[in-house]
Amino acid sequence: NMPEETAEVFTDDGYFRTGDVGYLDDENYLYLTGRAKNLIVTEGGKNVYPEELENCFQLYGEIDQILVRGYITNPELKSEEIEALVFPNPDMFKAPEGGTGEELAAFRKGTEERIKALVDEVNKGLLPYQRIKRVTVLDEPMEMTTTKKIKRHAVG
């Protein structure tokens with residue numbers, strides 16, 4: 001009962017536009033690379049899909065959650081750089097109980113240094129325009145959907 005909205009989400013030949021972006025390889029296998037709405041466009045006009053970068057961190061047990069996104073560096077050009085929000089694995093990074101302010105600050109600094117070292121390690125294997133430029137280590141986990149995906153729109 002909403003013909004205009006329905007027409008927007010279907011192609012002329014009847015396919016549903018999901019918002020997923022991908023490609024077919026030489027053998028006709030389909031690879032999904034990300035979501036069109038999450039696309040980051042760098043200063044050089046290169047397209048980066050955050051999901052591809054997030055997948056690079058799957059084997060690092062020190063990271064519980066990671067969200068990769070773009071941030072505007074030049075409002076006039078609307079170009080973006082790449083940042084990562086990281087919630088460390090609480091089982092691997094436990095603050096000392098009853099620690100002094102200095103001990104807690106040292107623990108936090110050590111955690112941030114380790115997470116940044118992991119990002120640097122992953123960055124070495126990425127193309128220059130894909131590299132993460134800014135890292136924020138979070139104290140609390142990010143909000144998740146019922147399917148255990150980070151709610152991208154809910155992260156400030």
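**Close-up views of a predicted protein model**

Figure 1. Leaving aside residues within four places in sequence, Glu83 contacts Leu67, Val68, Arg69, Tyr71, Ile132, Arg134 and Thr136. The model shown in this and the following views is predicted. Glu83 belongs to strand β6 and has a relative accessible area of 4%, which means that the residue is buried. Two arginine side chains approach the side chain of Glu83: Arg69 makes a polar contact of 2.7 Å, and Arg134 makes a polar contact of 3.1 Å.

Figure 2. The side chains of Arg108 and Asp139 form a salt bridge with an N to O distance of 2.6 Å. Arg108 is part of helix α3, whereas Asp139 belongs to the segment after β7, so this pair ties together parts that are 31 residues apart in sequence. Elsewhere, salt bridges with shared partners connect Arg69, Glu83 and Arg134 in one network. Arg108 also forms a salt bridge with Glu112, in which the closest N and O atoms are 3.1 Å apart. Arg108 and Glu112 both lie in helix α3 with a spacing of 4 residues, about one turn of the helix. With a relative accessible area of 32%, Arg108 is partly exposed; Glu112 is likewise partly exposed, at 24%. Asp139 has a relative accessibility of 55% and therefore counts as exposed, the cut-off being over 50%.

**Figure 3. The salt bridge between Glu81 and Lys133.** In total, the structure contains 10 salt bridges. One of them joins the side chains of Glu81 and Lys133, with a distance of 3.7 Å from N to O. The two residues come from distant parts of the chain and are 52 residues apart: Glu81 lies in strand β6 (residues 79-88), and Lys133 lies in the loop between α3 (101-124) and β7.

**Figure 4. Gln65 and its contacts.** Gln65 is located in strand β5, which covers residues 63-74. Its relative accessible area is 7%, so Gln65 is buried, the cut-off being under 20%. The side chain of Gln65 reaches the backbone nitrogen of Met142 at a distance of 2.6 Å. Met142 is also among the residues that Gln65 touches, together with Leu85, Val86, Phe87, Pro141, Met144 and Ile150, when residues up to four places away in sequence are not counted.

Figure 5. The side chain of Asp25 reaches the backbone nitrogen of Glu27 at 2.9 Å and makes a polar contact of 3.4 Å with the side chain of Tyr31. Asp25 has a relative accessibility of 22% and therefore counts as partly exposed. Asn28 is found in the loop between β1 and β2 as well. Although Asn28 is not a glycine, its phi is positive, at about 70 degrees. Asn28 counts as exposed, with a relative accessibility of 60%.

**Figure 6. Lys148 in the segment after β7.** Lys148 is located in the segment that follows β7. The phi angle of Lys148 is near 65 degrees, a positive value in a residue other than glycine. Lys148 has a relative accessible area of 65%, so this residue is exposed.

**Figure 7. A nonpolar surface patch of Val9, Phe10 and Phe16.** These three residues, Val9, Phe10 and Phe16, form a nonpolar patch on the surface and together present about 260 Å² of accessible area. Val9 lies in helix α1, which comprises residues 3-9. At a relative accessibility of 33%, Val9 counts as partly exposed.

**Figure 8. Confidence along the protein chain.** The mean pLDDT of the protein chain is 89, and 99% of the residues score at least 70. Where pLDDT is low, predicted coordinates should not be read in detail.

Notes
Residues numbered from 1 in each chain as written. Predicted model: local features only at pLDDT ≥ 70, side-chain atom pairs only at ≥ 80, totals over all residues. Heavy atoms only, no water. Buried < 20%, exposed > 50% of the residue type's maximum accessible area, 1.4 Å probe, protein only. Polar contact = N/O pair within 3.5 Å; in protein donor to acceptor, adjacent residues only side chain to side chain. Contact = heavy atoms within 4.5 Å. pLDDT = per-residue confidence, 0-100. Patch = residues over 30% accessible without salt bridge, like charges linked within 9 Å, V, L, I, M, F, W, Y side chains within 5 Å. Areas by Shrake-Rupley, 256 points an atom, 1.4 Å probe, with all protein chains shown as cover. Salt bridge = Lys/Arg side-chain N within 4 Å of Asp/Glu carboxyl O.
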